[in-house]
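Here's a quick tour of the model, taking the overall layout, the metal site and the charged pairs in turn. Have the structure open as you read.

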Amino acid sequence: MAASNVVFVLLICFIINSFAKRDSLYDFLFNGDYEFIDLTHPFDNQTVYWPNAQVFRFTKQIGDYDATGSWYAANDFTAGEHGGTHIDAPYHFAKTGLHVGELPLTKLIAALIIIDISSIVNDDPKFVLYKTHLDHLLYYEDKPSLLIFKFGWSKYFNDTKKYLGQNDNDNTLNFPGLSEEVVEWIISANKKVVGIGVDVASVDPGSSTNFPVHKILSTKGLYGIENVNLSRQIPETGCTALALPMKIALGTGAPLRLVAICSKQEPK
Ligand SMILES: [Zn+2]
């Protein structure tokens, strides 16, 4: 074999070898530099649903040993689309918007930005977030991003009445939310925002009756995420969100498993 052929074969071997050694995504994610943070409330008989919606319920529960001594367990469940940690598809408030089953994965896997406004909210169930509250707080990424607002409400999730601020006298709900103004501003300032999430039961304040924030998100093709579980600390930037709803083909919304993958190092 000519010397040039030997060099060529060695070069090919080197290229093949370097591809074979390239870390898989799994190796990358589990190399010790990343942590996985579950931002999902469990679905059980304490899960918060919108008033009048079908709450999460096991309709059949089997869990027993048969005559041969082997265990078998299976359940059925029923639930509304809009309860617990869940996604709102654009179709929820826009007839031509995407259904849950049509949401592209390239929008459901996105850079995650947490905007912690809990100290401004200060446990006030009447609080509404306006642009002036945010002028010095907003951080954007130049990539498809999910913005999640932390109102500090996850601590009430196991007390539905408190969480929703239900007033038995006048049937009103009272929990904090976003103003139309602030959402219009965010969407026009950064076209790469693909979704907006909150740690309360609605992106609109509990007192809203015409749901303008829902309407803006839906007509602009963004998804919403409600009842995010922000009980534990999470870095405000540098995380990636996996927002993977149950693929209900024609759903207006769906239960969601929301996970953040965060670098253990401080973001630069
Ligand atoms: Zn919803």
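## Layout

This is a predicted model. The chain splits into domain 1 (1–31) and domain 2 (34–53 + 81–263). Between domain 1 and domain 2, the C-alpha centres are 45 Å apart.

## The zinc site

Four residues hold the zinc ion: H82 through ND1, H86 through NE2, D88 through OD and E226 through OE, at 2.0 to 2.5 Å. Along the sequence, these donor residues follow the spacing H-x3-H-x1-D-x137-E. H82 and D88 are both buried.

What about the geometry? The arrangement is irregular because the 4 donor atoms subtend angles of 76 to 173° around the zinc ion.

## Salt bridges

You'll find 6 salt bridges in the structure. One of them pairs R232 with E35, with 3.3 Å between the closest N and O atoms. That pair joins distant parts of the chain, 197 residues apart: R232 is in the loop between β10 (223–226) and β11 (239–245), and E35 is in strand β1 (residues 34–38). R232 counts as partly exposed at 40% relative accessibility, and E35 counts as partly exposed at 26%.

Another salt bridge brings D123 and K155 together at 2.9 Å, N to O. D123 sits in the loop between α4 (118–121) and β6 (128–129) and K155 in the loop between β7 (145–150) and α6 (160–164), so the pair ties together parts 32 residues apart in sequence. K155 is exposed, at 55% relative accessibility, while D123 is partly exposed, at 38%.

Terms used
Residues numbered from 1 in each chain as written. Predicted model: local features only at pLDDT ≥ 70, side-chain atom pairs only at ≥ 80, totals over all residues. Heavy atoms only, no water. Donors = N, O, S within 2.8 Å, 3.2 Å for Na, K, Ca; no water. Tetrahedral: all angles 85-135°; square planar, octahedral: opposite > 155°, others 65-115°. Buried < 20%, exposed > 50% of the residue type's maximum accessible area, 1.4 Å probe, protein only. Domains from an automatic or database assignment. Salt bridge = Lys/Arg side-chain N within 4 Å of Asp/Glu carboxyl O. Helix = DSSP H or I, 4+ residues; strand = E, 2+ residues; numbered from the N terminus.
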